[in-house]
Amino acid sequence: MHAVLEAIQGSPLAQLLTSDRWTITAHSKQILETLHFIAFALQIGAIMVVSLRLLGFGRGAAVAALCRPAFRTAWVGFAAVLVTGALQFAPIAAEVFYRPSFRAKIAVLTIALATLLWLHADVRRHAGAWDAGESISGSTKVLAVLSLALWPTVIVVARLMYAFVQMANR
Amino acid sequence: MHAEFWLELARGDLATWIQLTPYVYAAFEGIHLVGVAFFFGSIFLLDLRLLGLTPQLLAGPAGRLLLRIAGPAFGLLAVSGVLLFVPSADRYAASPIFLLKLGAMVVGGLNALAFHLVAWRHVGVWSLRPRSPWAVRAAAIGSVVVWVAVIALGRGMGYESRQPPPADVDPFAALD
């Protein structure tokens, strides 16, 4: 495992991201963080909208019509989160991988993702019926509460991890 | 405003408390970023509708839901933003990036206000048309551009020269 991490960290891409050969690579950390922020804001914000709608906010808005673009935004946003996250991970792979704070972030993220997949499947199956007047089931509402709690937790844990890594690198 | 005022604020009890450990400050940054997600995510979905990209969505009810989320989210951003500002008040008050961010937020606010006063009251009329009026689409594009810029400038503030808190006041260092 460690060999893999070292290979990632030593890869030409990781080297390029930390070189100051061009302005864009010299500022790659800031640029990637900014794109990561925009991407997770779109992703998590869209999930929060879905969750709040399922919990009874804004009943006038049809669930199917609201959730289709919201989930699309969430998944496109998450794809961008993964790409910008991986590019930030690469240059520090061998160091950050063993940090408990990194593992905490990945653990919360994995649980939140499982909830998101479940919620998406649930909405896809039932949105039509809900819009036709059927009431939203308790289990769906539990999923909505979970995602409402888990995704903001991912953000806070991720920010704390960043602080831990920065303290360690000083 | 007076430089001494900002310096006093940056040296006050509130600033001390927020900087008790780097992790208190980081936690407030995390809360600020949760606000960013609620705010920008809901605004973006509204902008998609205003651009006419999600025509199945009823603009009136959807807009009310999304603004009911964006409003409190802005409140959270304002409160957490002030708390993040205080410990570095003297530095931020003189920072071009911070002033640009404030300026961009004013533009975003005026854009939202103009949209509200001009177009939102007639939402029932134009939302039924297959194509949104040009002014509505312009407001939506302006909104996305401005709020993306605000996020980028906010991240940029963290890259201005900063005195990191001393490492010896780090009671949680052993945790990691």
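**Chatting about helices in a two-chain model**

Reader: Hi! Does α8(A) pass α3(B) in a left-handed or a right-handed crossing?
Author: α8(A) passes α3(B) in a right-handed crossing. A crossing is left-handed if the near helix is turned anticlockwise from the far one by less than a right angle, and right-handed if clockwise. Helices are DSSP runs of H or I with at least four residues, strands are runs of E with at least two, and both are numbered from the N terminus.

Reader: Before we go on, what kind of model is this, and how is it labelled?
Author: This is a predicted model, where local features need pLDDT of at least 70, side-chain atom pairs count only at pLDDT 80 or more, and totals for chains, interfaces and linings use all residues. Residues are numbered from 1 along each chain as its sequence is written, while chains are lettered from A and ligands numbered from 1 in the order in which they are written.

Reader: How many residues does the whole contact take from each chain?
Author: There are 39 residues from chain B and 39 residues from chain A. Two residues are in contact if their C-beta atoms, placed from the backbone, lie within 7 Å.

Reader: Which helices of chain B supply its side?
Author: α3 (22-50), α4 (59-85) and α8 (134-157) of chain B each supply at least two residues of the side that touches chain A. The largest share, 18 residues, comes from α3(B). That side of chain B has 28 nonpolar, five polar and six charged residues.

Reader: What about F40(B), what is it in contact with?
Author: Leaving aside its neighbours within four places in sequence, F40(B) is in contact with A41(A), L42(A) and G45(A) from chain A, plus W147(B) and I151(B) from chain B.

Reader: Now inside chain B: how far apart are the axes of α6(B) and α8(B)?
Author: They are 9 Å apart, and α6(B), residues 96-118, packs with α8(B) at an angle of about 160 degrees. The crossing of α6(B) and α8(B) is left-handed. Their contact residues divide into 18 nonpolar, six polar and one charged.

Reader: Switching topic, how many helices and strands does chain A have?
Author: Chain A comes to eight helices and zero strands. Its C-alpha trace spans about 60 × 30 × 25 Å along its principal axes. Of its 170 residues, 35% count as buried. Among contacts in chain A between residues at least 6 apart in sequence, 85% join residues at least 24 apart.

Reader: Is A114(A) buried or exposed?
Author: A114(A) is exposed, because 12 other C-beta atoms lie within 10 Å. A residue is buried if that count is 20 or more, exposed if 12 or fewer, and partly exposed in between, with C-beta atoms placed from the backbone. A114(A) sits in α7 of chain A, residues 100-131. From C-alpha to C-alpha, A114(A) and S147(A) are 9.6 Å apart in space and 33 residues apart in sequence.

Reader: Last one: where is E8(B)?
Author: E8(B) is in α1 of chain B, residues 3-10. With 13 other C-beta atoms within 10 Å, E8(B) is partly exposed. The C-alpha atoms of E8(B) and G103(B) are separated by 24 Å, and these residues are 95 apart along the chain.

Conventions:
Nonpolar A, V, L, I, M, F, W, Y, C, P; charged D, E, K, R; others polar. Axes fitted to C-alpha atoms, helices over the stretch in contact; angles between N-to-C directions.
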